[in-house]
Amino acid sequence: MAELICRALRDGALDGEHAPALTIKDSIDSPFGPHVFNHVLAQLSANILAAKSQSQGLVLVASSQSPSFYFDLLKSRGNDVASFHKWLRVLDCYTDPLGWKVRLMACGSISSRSPEASNTVRLCTDVRNLDNLSLSIMELGRELVGQGKGRFSVAIDSASEMIRHASISSVAALLSNLRSHDQVSCAFWLLHSDLHDVRVTAALEYMSSMLGSIEPMNRPANVQRGNSENLSLFEQNSNKGKFHVRLKRRNGRVRLMNEEFCIEQSSIKFTAVSSEDGIISQGLVPKVQFNLQLSEKERIERAKVVLPFEHQGTGKPIEIYDGRQSLNESSTESTNSSSAEKVQTNQDPGKGEIIYFRDSDDEMPDSDEDPDDDLDI
Amino acid sequence: MEVWVRRMGVGKNGDSGLLPDDDFGLILGDGESGLLLAGGESRFTGFLPWQCIVYIWSLEGTAMENGGSWNLLDQAIGPLIEDPYASRSGGSVVLIEDCVETSGAFVLHHLIKRSISPLPPHSSPVLLILVSFARSFSHYDRILRKMGCNVVVQRDNKRFIFLDMRKLECPEAMSDGDGGDTFEGGLVDLYGKIQKAVEVSIVNGGSRSVVIMIDDISLLEVAAKGSSNHVLDFLHYCHTLKTDFGCSLAFLNHEDIYSSTERSNLILQMEYLADVVIKAEPLATGLAKDVHGQLTVMNKRNFDRWKKMSYFHFRVRENNVEYFYPGSRT
Amino acid sequence: MAATKTRSSSFSRNISAASTPQIPGLKCGPNGTIFVSSGIPDLDKILGGGFPLGSLVMVMEDIEAPHHMLLLRNFMSQGLVHNQPLLYASPSREPRAFLGTLPSPVLSKDDKSRDHDLEQEKGLRIAWQYRKYLGENQQNFEGQRDGKPDYCNDFDLRKPLERHFLSNQRIDCFSLEGSPNLDPFRERCSTFLAQLPRYDGNLTSACRIAIQSFYAPQCEYSNTEWEMLSFVRSLKSMVQSSNAVAVLTFPPSLVSSSFSKRLQHLADTLLSVKAIPDEDKELANLLTGYNDMVGLLNVHKVAHFNTQVPVILEATTFSIKLKKRRSLVLECLNQAPIDGSSGTSYATTGSCSGSSKTGTLDF
């Protein structure tokens, strides 16, 4: 549940433990990761502003959208621009991630437009140096909460961009440093899973305590686009999707949840669906062996079980419909029925005889027995 | 703000099927549920079906359309230059994907024409920067001339900038030693050129809209010696122009190059980056003289505003391209 | 018909009226393009006139058959007959030796061959928009009576090209085998092309570049795909800005599919050749003239310069035949009329449904 994730992020870390971390992953079939990310970001910032959360501030590493995009986003959710500097810092890895603009400005080929001076945004011009990046995040965080015990949250809007510029091991080191840092309350990041190896995705999932994966409502059977059947599928997937959450709980259990979401004009709406536990939790159920031993009590109880084909009438005559007369008839007419008839019924209906010939003498003699001998019919 | 609505549909003979101009109506409202006040047909009051093209003449903004007709492709793409509903980011990113059998260059030509053909008065002119890796200027000149658009004049008016990058080679080992910077130099310079052009235009011409087009990303990749990372860096910087200056971007790339098993993430990254993806493919049934292929347009912007998915056939002609729904043409 | 003719002539007026008709071996095409002949009359007709100047032609080889060599030989011979400079590169150690295998033009002007050409014209289906150029073609054939060299010759594959065509020529040969990278060859191409800048007032001649088996495993550069692509890209841009045509053959089955696709995208005109199985009874039943066929030619892409309209041919697969065992002929594949059971040819079903559709429309 999106709500549950937000609560977990809000509650933050316990002393001496790693901060909770969330990986949001999507793929091109349902590329709504940014929507979910923005939703989580907005929820968390609302919590921070209302002082409901453990963290007192938020450091946002922006590499796929500009800082102004996020300011607009937060503004549209009713946050006050003037208060941003109290609780928000943006590390701008979007505007000039590789220092091209700095280089071009230095040789005068483009005019130097200094981004409007603000203490909320810090420009990063070399995203390949993750040590510096990590240092910057910490510094920005300390600006917000001071050196003391206060904690802040970290949001990374594209882990994919980071992995593109640096090795997976250094990115993982950065994330794990963040999580284990005393002053970090929680962290979350977005990943486009199909841009990376399975190994990379798995590494980031391993680093996180929560995983929100976004999947299309329906996956087309064949990739061939263009035919009308798939077209409607794509159309269906174009503003809706499924949201699976795996939450590693502190007691060691894994909580699984399923939601559907729908993208609306400026927001994303989650609706709970009846969880199809059977399908999802299958992976979690360990392979168990059958217990073939019986306890004494079980043995006694088993002995008491009456099997359905056993004759259950205690002492009563056995009346079984033989197909010629109804049971009612036989009971009413039994008094004045002729003896001959009675003889017949005694002889005939009870024991039908099947006369057969052996096909050959190869057969085992025991096959002469009536196979239904043991039945009480 | 005035909102104009024009009814679109498919004509009986498969033409774009615009009703005559007296079918214009003036609508007041937020564009979703408006009241038709004057002209037009009464059945379009209330909620507008998606077939309606809603375009806006705000007094200071750009008219979305220049009085010509919007064909199926235009409807599927929506406004290119300035998107009135995208509150935050100015322009949009359009990705055109094609294959050996069906070239998607005509979509680019169409967008060029749409960007720089004369606009109604009181709208700011558009600057188009075409970064060409595939074709010469004279090629584009001749094609657009036939479409009724004189790029030479526009170039003289400083509204069309042609950057011939056919001979661009990214020099090897810019900063020798650390290895990370190889081949990057040429792309940095190219980016510098583009940003310079944008800056000059914005400073000199007031609030101009800018469209940046790159006619073949796969050749840019070749120029960068196959380093798709550098291409992505370059595209990222182009994307910053979108946020900084409200530029729109249009890229052409060949999908079939990447369709093999080791699917490079370049095309995927581009799809993530794009607001509109247009795919040009041959017909599944093979060659045809009167149907040159099929287009699939996926529009990721503006939920509920534009149709998210469109699919139609096309036939390329010298002066225009016909678009029609499958089966609507005998 | 007349109307279209006048319109087309007004379109490409400044070039056609000015210089080109006098120059042998060049012909005006639509949209201000100028064609040179491929050396195979039928291929010229299929492509709407020939290879346009400034285009890069690629032939995808069949590794089992040498048909691409036929195309290359005729292309090269035709250039030499027209006295056009030629640059030939191949992965062999002695590329100049290949010049000895070039075919000689058929010089007999007897009516027999002319009849055949006319017949071919009728038999071949050509994209409709080029039909009007057939007339011009005809005129060129008339022109040969005046003793001028034709735009396009028939070549006798059995007779080697006469010595005098090979001497006193600007023929440049290059071996792709020795060099570890493509830089020397790139250099050579640019110096070769520099001798004829494009459209410097009066167009004097065109030059041809023929590159055989560009990707050959024995070449050292062949494991650096990006360098090869980079070379082809620069070759393309060089050719585009000079009045030359480059023909490059490569075996697609030896390279990765994405690399092959990239090359195909770089080509302006894309052809492929294919061997046909020997003594295949089924095919023999299916196709008329199976016995004369030596292979198949596929047209994947036809260069379209200065226009956005793609050239859609009515047929894309042609059979390569040797007429009288000496000259190369391309024919539309025709289904043999005998076996009706397997008669689900695409063309026939297409035309049937088409006619029925128009029928319903009329009523």
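These legends accompany a few close-up views of a predicted model. Local features need pLDDT of at least 70 and side-chain atom pairs count only at pLDDT 80 or more, while totals for chains, interfaces and linings use all residues. Residues are numbered from 1 along each chain as its sequence is written, and chains are lettered from A and ligands numbered from 1 in the order in which they are written.

**View 1. Chain B and its elements.** Chain B holds eight helices and 14 strands (DSSP runs numbered from the N terminus: helices are H or I with at least four residues, strands E with at least two). Of its 330 residues, 48% are buried, meaning that 20 or more other C-beta atoms, placed from the backbone, lie within 10 Å of a residue's own.

**View 2. Strand 9 of chain B, covered on both faces.** Here six of the six residues of strand 9 (residues 209-214) are buried, so the strand is largely enclosed by the rest of the structure. One side carries S209(B), V211(B) and M213(B), the other V210(B), I212(B) and I214(B).

**View 3. The partners of strand 9 in chain B.** Strands pair if DSSP finds at least two bridges between them. Strand 7 (residues 126-132) runs parallel to strand 9, joined by six bridges, and I129(B) sits opposite I212(B). Strand 10 (residues 248-254) is also a parallel partner of strand 9, over four bridges, with F251(B) facing I214(B) across the pair.

**View 4. A sheet in chain C.** Three strands form an open antiparallel sheet in the order 1-2-3. Strands 1 (26-28) and 3 (51-52) each have a single partner strand, so one side of each lacks a neighbour in the sheet. Two bridges link strand 2 (residues 34-36) to strand 3, where F35(C) stands opposite P52(C).

How values were computed
Buried ≥ 20, exposed ≤ 12 C-beta atoms within 10 Å, placed from the backbone.
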